[in-house]
Amino acid sequence: MRDTKTKEVYSCNVRGKLRIQGIKSTNPVAVGDFVEYEISDNAKTGVIKDVLERKNYIIRKSTNLSKQTHILAANIDQAIIMATIAYPETYTVFIDRFLVTAEAYRIPAKLIFNKVDLYNEKQLDYLNELIKIYTHAGYECISTSVKNKTNTDKIKNLLQDKTTLIAGNSGVGKSSLINLIDTGLALKISEISKYHKSGKHTTTFAEMFELSIGGFIIDTPGIRGFGLHDIPDEELFHFFPEIFTAAENCKYHNCKHVHEPGCAVKEAVEQGKVSQLRYENYLNILFNADTKHRL
Ligand SMILES: Nc1nc2c(ncn2[C@@H]2O[C@H](COP(=O)(O)OP(=O)(O)OP(=O)(O)O)[C@@H](O)[C@H]2O)c(=O)[nH]1
Ligand SMILES: [Mg+2]
Ligand SMILES: [Zn+2]
């Protein structure tokens with residue numbers, strides 16, 4: 001816990017009573033929360049007495065089995081999903097799940113594509129295609145190579161004076177990016193296994209850092225799933241902004257935009273107004289009830 005006025009940091013316990021109140025959530029206090037606290041007599045540790053009302057929050061499922069949720073972070077200005085075309089490959093359905101979650105919690109989301117230094121021509125083409133698709137869908141995209149420090153200024157501008165959550169698969173370079181933006185932080189990063197081309201979790205819990213350029217960044221462990229379970233099927237398209245826009249012309253009330261004849265969304269896909277990839281991911285999330293909460 002960090003005192004907003006003195007910037008002093010204290011290790012805190014959570015008052016017992018507060019624990020019970022977080023009925024569905026495994027953590028009553030989340031990263032980014034504003035709290036009321038009391039310092040103990042030795043002035044070293046404190047007790048969190050109350051959590052102030054959250055401007056917003058973003059959750060994920062605690063485990064695949066339980067119905068409990070885990071509040072990943074609260075009071076954030078924007079969420080960045082960091083993705084990589086390869087080493088490891090971020091699946092676009094993962095990106096879209098994240099974006100849907102951010103839309104559902106009304107948190108502005110942006111994309112950063114990392115590791116461009118590693119891509120061959122084909123992968124660079126695919127990167128450009130994705131940037132086109134997501135820009136068209138309304139999301140700001142920045143490509144970077146943390147290794148070569150490309151577009152660092154753009155990223156600094158994006159982060160300055162804001163509270164940003166950064167998420168993405170393990171090994172995409174989230175902690176590396178934060179270290180590049182703020183050399184003083186020296187977060188732990190690790191080599192990706194060459195065998196599996198996928199990372200092991202290096203960051204193990206969400207943690208907030210103050211940036212020297214102003215603002216805060218919340219580094220998170222490689223996340224597998226977000227809390228999409230609160231979204232009824234018939235509302236899922238609300239959280240794909242360009243599909244939602246196309247749906248305004250839909251003549252069907254309660255259209256799910258799947259196989260209804262003359263559905264305006266399907267027409268928009270045919271006309272290229274909604275990208276095939278985003279539409280397929282919409283269907284994928286809609287029908288993949290089993291994996292709806294995972295990935
Ligand atoms: N070639 C290349 N390697 C990079 C780049 N960015 C990060 N890496 C490497 O990717 C590996 C993983 O980076 P991390 O920053 O630990 O990844 P992370 O997203 O924080 O991973 P978790 O904490 O496990 O979620 C490290 O070996 C980095 O050096 C890049 O732009 N190019
Ligand atoms: Mg990390
Ligand atoms: Zn429709």
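Mentor: Let us begin with a definition: two strands count as paired if DSSP finds at least two bridges between them. Please bear in mind throughout that this is a predicted model.

Trainee: Which residue stands opposite Glu210 in strand 11?

Mentor: Glu210 faces Phe216 there. The two strands involved, strand 10 (residues 207-210) and strand 11, are antiparallel and share 4 bridges. They form a hairpin with 5 residues between the strands, in which Gly214 adopts a positive phi near 100°.

Trainee: In which sense does strand 11 (residues 216-219) run relative to strand 9 (residues 163-167), parallel or antiparallel?

Mentor: Strand 9 and strand 11 run parallel and are joined by 4 bridges. Within this pairing, Ile218 of strand 11 is opposite Leu165.

Trainee: What are the pairings of strand 3 (residues 45-51) with strand 1 (residues 11-14) and with strand 2 (residues 35-39)?

Mentor: Strand 1 lies parallel to strand 3, with 4 bridges between them, and Asn13 has Val47 of strand 3 as its bridge partner. Strand 2 is antiparallel to strand 3, with 5 bridges; here Tyr37 is placed opposite Ile48. Strand 2 and strand 3 also make a hairpin with 5 residues between them, and Ala43 in its turn has a positive phi of about 60°.

Trainee: How many helices and strands does the protein chain have in total?

Mentor: The protein chain has 8 helices and 11 strands. Of its 295 residues, 48% count as buried. Among contacts between residues at least 6 apart in sequence, 65% join residues at least 24 apart. The accessible surface is about 15800 Å², and carbon and sulfur atoms account for 50% of that area.

Trainee: Where is Asn169 placed, and why does Asn169 count as buried?

Mentor: Asn169 belongs to the loop between strand 9 and helix 5. Asn169 counts as buried because its relative accessibility is 18%.

Trainee: What does Thr90 touch, leaving aside residues up to four places away in sequence?

Mentor: Thr90 touches Ala83, Thr84, Ile95, Asn169 and Val172. Thr90 itself sits in the loop between strand 6 and helix 2 (92-104), and it is buried, with a relative accessible area of 5%.

Trainee: How is an aromatic pair described?

Mentor: A pair of aromatic rings is described by the distance of the centres and the angle of the planes. In this structure there are 5 aromatic pairs. One of them, Phe240 with Tyr282, is edge-to-face, at 5.6 Å centre to centre and with 80° between the planes. This pair links distant parts of the chain, 42 residues apart: Phe240 lies in the loop between strand 11 and helix 6, and Tyr282 in helix 8 (residues 276-287). Both Phe240 and Tyr282 are buried. Phe240, Tyr279 and Tyr282 form one aromatic cluster.

Trainee: Which residues are the protein donors of the zinc ion (ligand 3), and why is the arrangement tetrahedral?

Mentor: Ideal angles at a metal are 109.5 degrees for four tetrahedral donors. The protein donors of the zinc ion (ligand 3) are Cys250 (SG), Cys255 (SG), His257 (ND1) and Cys263 (SG), at 2.1 to 2.3 Å from the ion. The 4 donor atoms subtend angles of 99 to 117°, and the arrangement is therefore tetrahedral. The spacing of the donor residues in sequence is C-x4-C-x1-H-x5-C. Cys250 and Cys263 both lie in the loop between helix 6 (241-247) and helix 7 (264-270), so the pair ties together parts that are 13 residues apart in sequence. Cys250 and Cys263 are both buried.

How values were computed: Residues are numbered from 1 along each chain as its sequence is written. Chains are lettered from A and ligands numbered from 1 in the order in which they are written. This is a predicted model: local features need pLDDT of at least 70, side-chain atom pairs count only at pLDDT 80 or more; totals for chains, interfaces and linings use all residues. Side-chain values use heavy atoms; hydrogens and water are left out. Donors are N, O and S atoms within 2.8 Å of the metal (3.2 Å for Na, K and Ca); water is not among the atoms, so sites may look incomplete. Four donors count as tetrahedral if all angles lie between 85 and 135 degrees; four count as square planar and six as octahedral if opposite donors are over 155 degrees apart and all others between 65 and 115; anything else is irregular. Buried means under 20% relative accessible area, exposed over 50%, partly exposed in between (1.4 Å probe, protein chains only). Contact means heavy atoms within 4.5 Å. Accessible areas come from the Shrake-Rupley method with a 1.4 Å probe; for residues, only the protein chains shown count as cover. Rings of Phe, Tyr and Trp (its six-membered ring) pair if their centres lie within 6.5 Å; planes under 30 degrees apart count as stacked, over 60 as edge-to-face and the rest as tilted.
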